[in-house]
Amino acid sequence: MTTIGQPLDRVDGDVKTTGAAKFAAEHFYPGLTHAVLVHATVSRGRITALHTDEASAVPGVITVLTHLNAPPLKPAPKPRMLNLALWFSGTSVNYLQSDEVHWEGQPIAVVVAETSAAAREAAALVRAEYTVAKSAVDFEGAEKNARPQPNNPIFPRGAKKGDAEAALAAAPVTLDLRYTTPPQNHNALELHATTAIWDGDRLTVHDATQSIDWFRTHLATRFGIPMTNVRVLAPFVGGAFGGKFAIWPGTILAALAARATSRPVRLVLSREAVYRTVGGRTPSIQRVALGADHDGKLTSLVHTSVTRTGRTGGPSEQVTSQSQHLYAAENILARHDVVQLDLLPNTFMRAPGEAIGTFGLESALDELAYELGIDPIELRMRNETAVDPIHGKRKFAHRMLGEAYARGAERFGWHERNPEPRSMRDGRWLVGMGMATAYHPALTLPANVTVRLSADGSVLMRCGFQEMGMGSATVQAQITADALGVPFDTVRVEYGDSALPLAPTAGGSPQTASIAASVIQACQELKQKLKAMARKTGGASNEEILRRAKVPYVEAVVGSESRLGRIAGRARFLPNFLRENQRWVKAASGVQFCEVRVDADTGETRVSRWVGVFDIGRVINPKTAASQMRGGIVMGLGLAMAEETLVDPRTGRIMNPSLTEYHVPVHADIPPIDVSFLDDPNPTMPLGIVGAGEVSVTGVGAAVANAVHHATGKRVRDLPITLDKLL
């Protein structure tokens with residue numbers, strides 16, 4: 001009996017399609033109130049006056065919280081290496097605790113009212129006066145001030161092998177290119193929302209989060225209460241993609257407002273408020289320089305980047321990650337530089353680093369292929385490597401790029417491509433074909449589970465993981481069923497609650513593999529208990545054993561469910577990740593093939609066909625995995641052709657904070673997407689699983705740019721690829 005590898009329907013499909021699933025803003029409590037944020041209108045300065053009388057006079061308004069009357073809040077915790085939960089504070093600002101403004105859009109007040117309409121009306125009436133300080137908000141203008149990114153084991157500032165600059169200068173064939181990508185913002189279908197309830201010094205929060213346990217840790221720290229007094233519930237999250245990874249002002253201020261009013265508070269950010277208080281993807285300026293001999297063998301690979309953070313936070317961006325692992329260049333220089341600006345801190349956005357880094361690297365490889373007159377796939381194969389190019393001796397845990405290229409080329413019909421730019425046409429449409437490599441690192445994090453087998457043969461698997469639309473509950477039920485040898489429909493999964501055993505965050509694509517490791521161990525322990533009981537009862541069946549034992553269930557536990565056990569487990573397992581990285585290069589990879597059609601007169605560009613082939617190790621459920629891949633490709637198409645956050649370089653204000661002006665792909669923009677998997681287990685990962693959430697975003701930007709160049713002869717090095725750049 002096996003369910004792994006079967007395209008089973010999602011176990012949460014019925015509740016989501018019928019509307020029975022409750023999201024963070026759909027929980028009702030007696031006395032529920034509604035909160036709305038008021039935002040600063042300067043990028044740096046101090047509040048000299050706040051006028052709230054008109055707002056307070058609006059019928060239904062309960063209070064207007066500002067730095068003058070808000071309850072105390074402890075400062076954001078400083079990052080500590082052995083406590084990842086403290087790394088991912090959205091900003092370091094202690095909200096409503098001082099008159100200081102750090103970015104345009106920072107919350108400076110919270111209106112709490114009986115209805116959301118009253119709260120919105122009152123929030124529009126709050127007026128602030130400021131003393132404005134000098135600020136830096138222009139990313140391109142600040143490029144000259146870039147400094148090396150701070151170094152740490154999780155986000156290294158780069159890597160070096162040999163003398164890449166000298167080798168570049170001596171190479172027979174060289175390219176030295178500049179690529180840029182704009183800032184981008186999160187637009188999940190579900191807006192960021194929090195419902196917060198205090199009962200004495202106990203806090204319950206319904207939140208749209210992808211980091212349940214880390215949110216609990218952060219809230220306990222900010223409000224000065226024991227972690228056991230905080231419960232975070234997020235059984236359903238309507239998309240996250242990194243935007244709901246860190247903890248942003250809305251969550252903190254909803255809980256603060258609930259404490260101040262002694263009533264339940266619901267705070268749902270407007271779409272504009274998401275742009276102004278939730279970080280997005282950093283812009284980047286990339287240099288990719290390649291040196292090669294006339295046969296295409298790379299002698300030098302230089303990939304450097306400049307990205308931004310805010311003065312109050314923002315994670316590093318591993319833009320050159322793929323450039324350190326994909327190609328066997330004799331000399332490599334990878335470096336990350338950063339500028340700090342008076343803007344809302346950037347945050348993680350699906351495949352951070354690699355999504356934009358592959359645009360630079362894979363576009364440059366295509367340009368080199370044209371320079372040398374070598375097929376782009378052949379050029380990559382001539383630079384294929386069996387070991388990590390930087391360190392030499394470190395092996396790849398699993399590498400099947402050659403197989404992915406071959407399968408993808410066949411499925412796509414790459415042999416039909418005339419390599420000459422602007423040589424293929426269909427009526428008024430110029431037709432182009434492009435390809436690029438996809439790459440995203442793989443990792444695992446600590447995870448605790450319980451697995452219970454009842455006398456009636458049903459199984460309950462419990463783990464506080466996040467389900468954001470990717471089918472986590474379904475695949476974990478499949479893994480549990482196979483590990484115990486029971487039918488899939490006898491397994492029930494509980495998740496989405498910090499009261500359940502510790503789960504890893506759903507960021508960086510580690511969740512499925514990490515939980516699978518604990519599920520397998522828990523099921524092994526459970527089966528050992530059954531065998532021991534069988535020996536005592538003369539080899540009876542499991543059902544007979546349970547009936548004779550007169551117990552409702554047998555339980556196997558991996559990891560302690562106590563608070564101290566969770567903390568120790570988090571610290572204890574973290575070094576394993578670092579040691580594994582020193583031993584192996586682990587990654588999901590693949591290849592993206594794209595066909596575009598460009599109107600020869602107007603420059604209108606349409607992606608007409610897509611093929612993606614991916615190596616994500618063992619595929620637990622091909623239906624949910626393929627959905628993940630297609631979703632990532634669609635997000636990559638937004639990155640390539642539409643998405644761009646426009647920041648006023650004088651004021652720091654986002655000028656297009658809505659879906660009216662910030663363009664994302666719609667159904668009419670999406671071609672048929674053919675997705676397939678090599679489905680070969682990675683021997684160093686639990687059950688051979690490699691994360692599938694992010695790799696399909698990578699390479700998309702370059703594949704589109706390469707296809708557009710093939711169609712038109714014009715090379716676009718600055719995303720997004722819009723028609724004005726092709727005319």
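Aspartate 674 is partly exposed, with 25% relative accessible area; here buried means under 20% relative accessible area, exposed over 50%, and partly exposed in between (1.4 Å probe, protein chains only). The structure is a predicted model, in which local features need pLDDT of at least 70 and side-chain atom pairs count only at pLDDT 80 or more, while totals for chains, interfaces and linings use all residues. Residues are numbered from 1 along each chain as its sequence is written, and side-chain values use heavy atoms, with hydrogens and water left out.

**Salt bridges**

Aspartate 674 forms a salt bridge with arginine 411, a salt bridge being a side-chain nitrogen of Lys or Arg within 4 Å of a carboxyl oxygen of Asp or Glu. Because arginine 411 lies in helix H10 (residues 401-412) and aspartate 674 in strand S27 (residues 673-677), this pair ties together parts that are 263 residues apart in sequence. Helices (H or I, at least four residues) and strands (E, at least two) are DSSP runs, numbered from the N terminus. Arginine 411 is partly exposed, at 42% relative accessibility.

By the rule above, the count comes to 38 salt bridges.

| Arginine 411 | Aspartate 674 | 2.8 Å |

Since arginine 715 lies in the segment after helix H16 (700-712) and aspartate 366 in helix H8 (residues 354-372), the pair ties together parts that are 349 residues apart in sequence. Both arginine 715 and aspartate 366 are buried.

**Strand S25 and its partners**

Strand S25 (residues 587-599) has 12 of its 13 residues buried, so the strand is largely enclosed by the rest of the structure. Two strands pair if DSSP finds at least two bridges between them. Strand S19 (residues 429-441) runs antiparallel to S25, and 13 bridges join them; within this pairing, cysteine 594 of S25 stands opposite glycine 434. S25 also pairs with strand S26 (residues 605-615) in the antiparallel sense, over 10 bridges. Here glycine 590 has phenylalanine 614 in S26 as its bridge partner. S25 and S26 form a hairpin with five residues between the strands, in which glycine 603 takes a positive phi near 80°.

A patch of positive charge on the surface gathers Lys527, Lys531, Arg535 and Lys536. Patches are made of residues with over 30% relative accessible area and no salt bridge, with like charges joined within 9 Å and nonpolar side chains (Val, Leu, Ile, Met, Phe, Trp, Tyr) within 5 Å. Lysine 536 is placed in helix H12 (residues 511-536) and counts as exposed, at 76% relative accessibility.

Threonine 115 is found in the loop between strand S5 (107-113) and helix H3 (116-123). Threonine 115 is partly exposed, with a relative accessible area of 39%. From C-alpha to C-alpha, threonine 115 and alanine 534 are 61 Å apart in space, and they are 419 residues apart in sequence.

Terms used
Accessible areas come from the Shrake-Rupley method with a 1.4 Å probe; for residues, only the protein chains shown count as cover. Lys and Arg count as positive and Asp and Glu as negative; His and the chain ends are not counted. The place of a charge is taken as NZ of Lys, CZ of Arg, CG of Asp or CD of Glu.
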